[in-house]
Amino acid sequence: MVGLPARGKSFISQKIVRYLSWLSIKAKSFNVGNYRRRTEEHPSADFFDMHNSDGLKKRQQAAAAAVEDMMKWFSEEDGVVAILDATNTTEERRDWLLKLCRENFIEPMFLESWCNDDKIIMKNIMDVKTTSPDYVGCDPDASAKDFIKRIEKYKQVYEPLTVEKNGDLTFVKLINVSEQVIINKIETYLESRIVYYVMNLHIRPRCIYLSRHGESAYNLEGKIGGDADLSERGYKYAQRLPQLVKEAVGDNDVSLTVWTSTLKRTQQTAQFLPYHNHKLQWKALDELDAGACDGLTYEEIEKQFPQDFKERDEDKYEYRYRGGESYRDVVIRLEPIIMELERQENILIITHQAVLRCIYAYFMNVPQEESPWMSIPLHTLIKLEPRAYSTLVQRIKADIPAVSTYKEKGTSQLGEKLDGFNSSKNLITGAPLSQ
C-alpha cells in the first residue's frame with residue numbers, strides 16, 4: 001500500500017484480504033502500525049516528524065518486523081498474497097521493499113490511494129478518530145486535530161507514484177477512491193483480479209441489510225430446496241419487514257435497493273416493501289441447488305443417500321449434491337453479486353440460508369470451512385455497517401415465530417443444540433442460540 005494517512009489504505013487492505021480469502025486464495029495483511037504500537041501505543045503527531053530521529057528509528061523497526069513476518073508467512077505457510085499496510089510514501093522505502101521482494105522471488109504490486117477530496121479525507125479522519133487503536137480512550141476532537149497534524153508531517157516527505165518516474169513498476173493508483181484509476185504494468189491474472197476488485201470499491205458510509213425469506217411451506221415440512229410459497233407466519237413476516245427496515249435505517253433519509261432471488265418465497269417476502277422502482281431479481285441469489293435431494297427432508301436424505309449424507313457433514317463447504325451444487329459453487333456464482341455490492345450504497349438482500357451464509361462470511365471474514373455451519377435464522381433482519389477496521393453487526397428480530405431450519409453436524413434433526421440436546425424441529429427461533 002502507498003498513501004498518506006486517512007486515505008482508506010487499511011480499509012482497502014482488509015477488503016482485499018476478505019475478498020481473496022472468500023475465494024479461497026490465501027491472503028493476509030501486515031499492518032505496520034500494529035507493530036509500531038508494540039513500543040509506541042499512543043504517539044503524538046511529532047512522533048511522525050521526519051526530523052524526530054527516535055520516532056523514525058522506531059517506525060523503521062516496525063516496518064522491518066512486519067516485512068520479516070510477511071516473508072516467514074510466504075515461506076512457512078505458503079502464503080499467496082500479502083499486503084504490507086503502511087504509508088510507504090517515499091521512493092527510498094519503496095526501493096527497499098522492491099529489492100527485498102525480488103531477492104525472495106516475490107513479485108510486488110504497489111497500490112496507492114491518492115486523494116485531494118476534502119469530504120472523503122474528513123470522513124476518514126472522523127472514522128479513524130473513533131476506531132483507530134492509536135486513539136482508544138482519547139478525546140475525539142483532540143484526536144482529530146492530532147491526526148490532521150500527523151498527515152501534515154507525512155506530506156513533507158510524500159513522493160506519489162507517477163508513470164513518468166515509476167513506469168517500470170507494477171502499480172495501481174486510485175484517485176479519490178474510484179474517480180480515476182491509473183494502471184501500470186499489470187501482468188498476471190491474480191493482479192488483474194485485484195485491480196478489478198479495487199476499481200469497484202468505494203468508502204462512502206453505507207449499510208447492507210440481509211434477510212432470509214419468510215418461513216415457507218417447505219420449512220414447515222422440513223424439506224430443502226423447492227420453490228414453495230410462504231407459510232401463514234412467513235406472510236406475517238413479509239408484512240412486518242417494512243417496519244423492521246425502518247427501525248434499522250432510523251431517522252436517516254436512506255434510499256434502498258432491494259435484491260431478491262428468482263424464487264417465489266423471496267419475492268413474496270419483499271412484496272410489501274415500498275421501494276417498488278428499486279427491486280431487482282438475481283438468479284445468482286437462488287438457493288444452493290440440492291440436485292437429487294431437492295424436496296427431501298434430511299431424514300429422507302440420510303436414508304436414501306447415507307454415504308452422501310456422511311460426506312456432506314465431513315466437508316460441507318466442498319461437498320456437491322448429486323446433480324446440484326456445493327457451497328464453493330455458490331461462492332463462485334456470487335462473485336458478480338459481491339462486485340456489484342461493493343459498487344452500490346445501501347442494499348437490502350432477501351435470499352436464502354446458504355446464500356446468506358456465503359455473503360455474511362465475505363463481510364465478516366469467516367473462514368470458508370466454518371461458513372456452512374453459521375446460524376442464519378428466519379424472521380431476522382441483519383444490518384452490516386462496513387468500517388475501516390471492522391464491520392458492525394446488528395440483528396433485529398421480528399416477534400413472529402418460525403421453525404428452525406438449522407441442522408447440526410451428525411444429525412438429520414432440525415434445531416440447534418441447547419445444553420447438549422437437540423431442540424425440537426418446531427423450535428421458535430429469533431437469534432442464533434449459539435450467540
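Predicted model: local features only at pLDDT ≥ 70, side-chain atom pairs only at ≥ 80, totals over all residues.
I count a contact when heavy atoms lie within 4.5 Å. On the domain 1 side 18 residues make contact, and they meet 21 residues of domain 2.

Next I looked up the area. The size of an interface is often quoted as the accessible area lost when the parts come together. Here the two domains bury about 2000 Å² between them, and 56% of that is on carbon and sulfur atoms. Which residues of domain 1 lose the most area to domain 2? They are Arg18, Trp22 and Asn200, and together they make up 42% of what that side buries.

I then checked for charge pairs across the interface of domain 1 and domain 2, and the rule finds two salt bridges there.

**Salt bridges**

Side chains of opposite charge can pair when their charged atoms come close. I ran the search over the whole structure and got 29 salt bridges. I wrote up a few of the pairs.

Glu91 with Lys165: the closest N and O atoms are 3.7 Å apart. Glu91 is in helix H4 (residues 91–103) and Lys165 is in helix H7 (residues 163–166), so this pair ties together parts that are 74 residues apart in sequence. Buried or exposed, I asked of Glu91? Glu91 is buried, at 17% relative accessible area; the cut-off for that is under 20%. Lys165, on the other hand, is exposed, with a relative accessible area of 51%, and the cut-off there is over 50%.

Lys15 with Glu342: I noted an N to O distance of 2.6 Å for this salt bridge.

Glu152 with Lys155: their side chains form a salt bridge at 3.4 Å, N to O. I found both in helix H6, three residues apart, which is about one turn of the helix. Glu152 is partly exposed at 40% relative accessible area, and Lys155 is partly exposed at 41%.

Glu318 with Arg328: this salt bridge has an N to O distance of 2.5 Å. Glu318 sits in the loop between helix H13 (306–314) and helix H14 (327–343), while Arg328 is in helix H14 itself, so the pair ties together parts ten residues apart in sequence. I get 35% relative accessibility for Glu318, which counts as partly exposed. Arg328 is also put down as partly exposed, at 27%.

I also came across a network: Arg36, Arg37, Asp134 and Arg150 are joined into one by salt bridges that share partners.

**A nonpolar patch**

I went over the surface for nonpolar side chains. Met122, Met126 and Ile148 form a nonpolar patch there, with about 220 Å² of accessible area together. Ile148 belongs to helix H6, residues 140–155.

**Phe309**

I looked up Phe309 next and found it in helix H13. Phe309 counts as buried, at 9% relative accessibility. What does Phe309 touch, if I leave out residues up to four places away in sequence? I listed Tyr298, Ile301, Glu302, Lys407, Thr411 and Ser412. I also took the C-alpha distance from Phe309 to Ile376, which is 67 residues away along the chain, and got 21 Å.

**Positive phi**

Ala6 is not a glycine, yet its phi is positive, about 65°. I place Ala6 in the segment before helix H1 (9–22). With 8% relative accessibility, Ala6 counts as buried.

Asn365 is another residue other than glycine with a positive phi, near 55°. I found Asn365 in the loop between helix H15 (353–364) and strand E10 (380–386). Asn365 counts as partly exposed, at 36% relative accessibility.

How values were computed: Residues numbered from 1 in each chain as written. Heavy atoms only, no water. Patch = residues over 30% accessible without salt bridge, like charges linked within 9 Å, V, L, I, M, F, W, Y side chains within 5 Å. Areas by Shrake-Rupley, 256 points an atom, 1.4 Å probe, with all protein chains shown as cover. Salt bridge = Lys/Arg side-chain N within 4 Å of Asp/Glu carboxyl O. Helix = DSSP H or I, 4+ residues; strand = E, 2+ residues; numbered from the N terminus. Buried area = accessible area lost by both parts, 1.4 Å probe. Buried < 20%, exposed > 50% of the residue type's maximum accessible area, 1.4 Å probe, protein only.
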